Amino acid sequence: MSDFIRLPNLPEKDVGAVIIGRHEDIIKRLNSSGIETVVLEDNPDVEPSIRNHADISAFHLGGRRIILDKRQTAAGDKLKRSGFDIRYTEKEIKGGYPNDVRLNCAVIGSRLICGKKGVEPFVSALPLEKLKVNQGYCRCSVCILNERAFITDDESIYKRTKDIFDVLLIEKGDILLDGKPYGFIGGASAKLSKNEVTFFGSLSCHRNANEIKAFIRKHKMGYAELFDGRLRDIGSVVAISEK
């Protein structure tokens, strides 16, 4: 692995390594583009739809610091060998909401968007401004563009943050998530370079495609589509190092 990403979710170069759940097709595509993947074990104690979601089991604090669900020891050992400082959750992540959102928070610059309950105590204690919302699955629900802007499909996040960030609120739906009526935009996207956001599927399949593309252009960024077809919520990926 190369340089650690200094600020969570905000790489300053092309991403060199990510933490990801078991999505073999996506892992192959990322590896073929030169991105190393640290693959998490499925979590058998949460809902099947999110068992292989990285944003449920991993949280990047910035630099070399990462928190993992305490069951993810194999990934933790691999990351330690690459120089990362690994901390594990106080309890295993298991059960339904709010027990499964301990790490599902979004750091954007100096602020933390998180649910009002269920957050891992160490995360709650971080020296960041806390923006608490009704939505517990915060990282799933935000597609981060830069430290000033993001896209969300959650109204509670939009209302709490619209006076702080430039936020595009889009409609729910049009994103696949196994076993659920729909998934979320944060889980269907990842920032894999400074000026580009990658989507897991085709934006043209989303009813708000034009608005999303215009918002990305507004922030002088581009986008990539990892494959064709409807967007897929895979629990995003956790970018941890850059080339």
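Visitor: Over how many bridges do β4 and strand β5 (residues 65-68) pair?
Guide: Strands are DSSP runs of E, at least two residues long; helices are runs of H or I, at least four long; both are numbered from the N terminus. Two strands pair if DSSP finds at least two bridges between them. β4 and β5 run antiparallel, and their bridges number four.

Visitor: What kind of model is this?
Guide: Residues are numbered from 1 along each chain as its sequence is written, and side-chain values use heavy atoms, with hydrogens and water left out. Local features need pLDDT of at least 70, side-chain atom pairs count only at pLDDT 80 or more, and totals for chains, interfaces and linings use all residues: this is a predicted model.

Visitor: Which residue in the turn between β4 and β5 has a positive phi?
Guide: In β5, R65 is the bridge partner of G62. The two strands form a hairpin with two residues between them. A positive phi of about 65° belongs to one residue in this turn, G63.

Visitor: Is β4 largely enclosed or open?
Guide: Buried means under 20% relative accessible area, exposed over 50%, and partly exposed in between (1.4 Å probe, protein chains only). Five of the five residues of β4 are buried, so the rest of the structure leaves this strand largely enclosed.

Visitor: Which are the edge strands of the open sheet?
Guide: Four strands form this sheet, in the order β1-β18-β2-β3, with mixed pairing. An edge strand pairs on one side only, as do β1 (3-4) and β3 (36-39).

Visitor: What is the bridge partner of D3 in β18?
Guide: Strands of a sheet pair through backbone hydrogen bonds, either parallel or antiparallel. β1 and β18 (residues 238-242) pair in the antiparallel sense, over two bridges. The partner of D3 in β18 is E242.

Visitor: At about what angle to β3 does helix α3 (residues 73-81) run?
Guide: Axes are lines fitted to C-alpha atoms, for helices over the stretch in contact (heavy atoms within 4.5 Å). Angles run from 0 to 180 degrees between N-to-C directions. Helix α1 (residues 24-32) lies across β2 (15-20) and β3, at about 150° to β3. Helix α3 packs on the sheet, touching β2, β3 and β18, and its angle with β3 is about 140°.

Visitor: Which peptide bond is cis?
Guide: Most residues other than glycine have a negative phi, and most peptide bonds are trans. P98 is in the loop between β6 (85-88) and β7 (106-108). With omega near 5°, the cis bond is the one from Y97 to P98.

Visitor: Is K220 buried or exposed?
Guide: K220 sits in the loop between α6 (209-218) and β16 (222-225). Although not a glycine, K220 has a positive phi of about 55°. With a relative accessible area of 72%, K220 is exposed.

Visitor: What percentage of the 243 residues in the chain is buried?
Guide: The chain has six helices and 18 strands. Its C-alpha atoms fill a box of roughly 45 × 40 × 35 Å along the principal axes. The buried share of the 243 residues is 56%.
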